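Visitor: I have just opened this entry and would like a short tour. Could you begin wherever you think best?

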Amino acid sequence: MSSTTRITVTLPSDQVAELRKLTDNVSGYVAEAVARQIRHQLLGDDLRRHEEEHGPFSDEELAEARAKISGSSQDPDAA
């Protein structure tokens, strides 16, 4: 298991109430959400760098990426 650090986070009371309805492991839930947001940010940074170096993604590349993300094995040009 990785090491942990205790911090204090301030959230709106209504969010805390909803969070406690969703889980009894608030720390785990928040850690998972933070990890997901970090991955999202890093991926966005990588995509921006790629576009700066190679130009914008084509419609075909975007359709292929969407198909892979959604798990679709269909040809994006077939409709």
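Guide: Let us begin with one side chain in this predicted model. Arg36 counts as partly exposed because its relative accessibility is 43%.

Visitor: What does Arg36 form a salt bridge with?

Guide: The partner of Arg36 is Glu32, and the closest N and O atoms of this salt bridge are 3.7 Å apart.

Visitor: Where do those two sit relative to each other?

Guide: Glu32 and Arg36 both belong to helix H2; they are four residues apart, so about one helical turn separates them.

Visitor: And Glu32, is that one buried or exposed?

Guide: Glu32 is exposed, because its relative accessible area is 51% and the cut-off for exposed is over 50%.

Visitor: How many salt bridges are there in the whole structure?

Guide: A search of the whole structure finds five. One of them joins Asp46 and Arg49, with an N to O distance of 2.5 Å. Asp46 and Arg49 also lie in helix H2, three residues apart, which is about one turn of the helix. Asp46 is partly exposed at 41% relative accessible area, and Arg49 is likewise partly exposed, at 44%.

Visitor: Which residue pairs up with Lys21?

Guide: Lys21 forms a salt bridge with Glu18, and their closest N and O atoms are 3.0 Å apart. Both residues lie in helix H1, with three residues from one to the other, about one turn of the helix. Lys21 counts as exposed at 64% relative accessibility, whereas Glu18, at 43%, counts as partly exposed.

Visitor: Let me step back. What is the overall pattern of the chain?

Guide: Along the sequence the pattern is α-α-α, with three helices and zero strands. Helix H1 covers 13–22 and helix H2 covers 26–54, while helix H3 covers 59–70.

Visitor: How much of the chain is buried?

Guide: Buried residues account for 5% of the 79 residues. The accessible surface of the chain is about 7,400 Å², and carbon and sulfur atoms hold 52% of that area.

Visitor: Which residues form the nonpolar patch on the surface?

Guide: The patch consists of Leu22, Val26, Tyr29, Val30, Val34, Ile38 and Leu42, and together they have about 590 Å² of accessible area. H2 gives the most to this patch, six residues. Val26 is a member of the patch and lies in helix H2; at 31% relative accessibility, Val26 counts as partly exposed.

Visitor: New topic: how much space lies in the largest pocket?

Guide: About 760 Å³ lies in the largest pocket. Its lining has 21 residues, and those closest to the centre are Ile7, Val9, Val26, Ser27 and Val30.

Definitions and conventions:
Residues are numbered from 1 along each chain as its sequence is written. This is a predicted model: local features need pLDDT of at least 70, side-chain atom pairs count only at pLDDT 80 or more; totals for chains, interfaces and linings use all residues. Side-chain values use heavy atoms; hydrogens and water are left out. On a 1 Å grid over the protein atoms alone, a cavity is a set of points where a 1.4 Å probe fits but cannot get out, and a pocket is an open set with protein on both sides within 12 Å along at least five of seven lines; lining residues have an atom within 4 Å of a point. Grid points are joined across faces, edges and corners, and a volume is the space filled by probe spheres set on the points. Patches are made of residues with over 30% relative accessible area and no salt bridge: like charges are joined within 9 Å, nonpolar side chains (Val, Leu, Ile, Met, Phe, Trp, Tyr) within 5 Å. Accessible areas come from the Shrake-Rupley method with a 1.4 Å probe; for residues, only the protein chains shown count as cover. A salt bridge is a side-chain nitrogen of Lys or Arg within 4 Å of a carboxyl oxygen of Asp or Glu. Buried means under 20% relative accessible area, exposed over 50%, partly exposed in between (1.4 Å probe, protein chains only).
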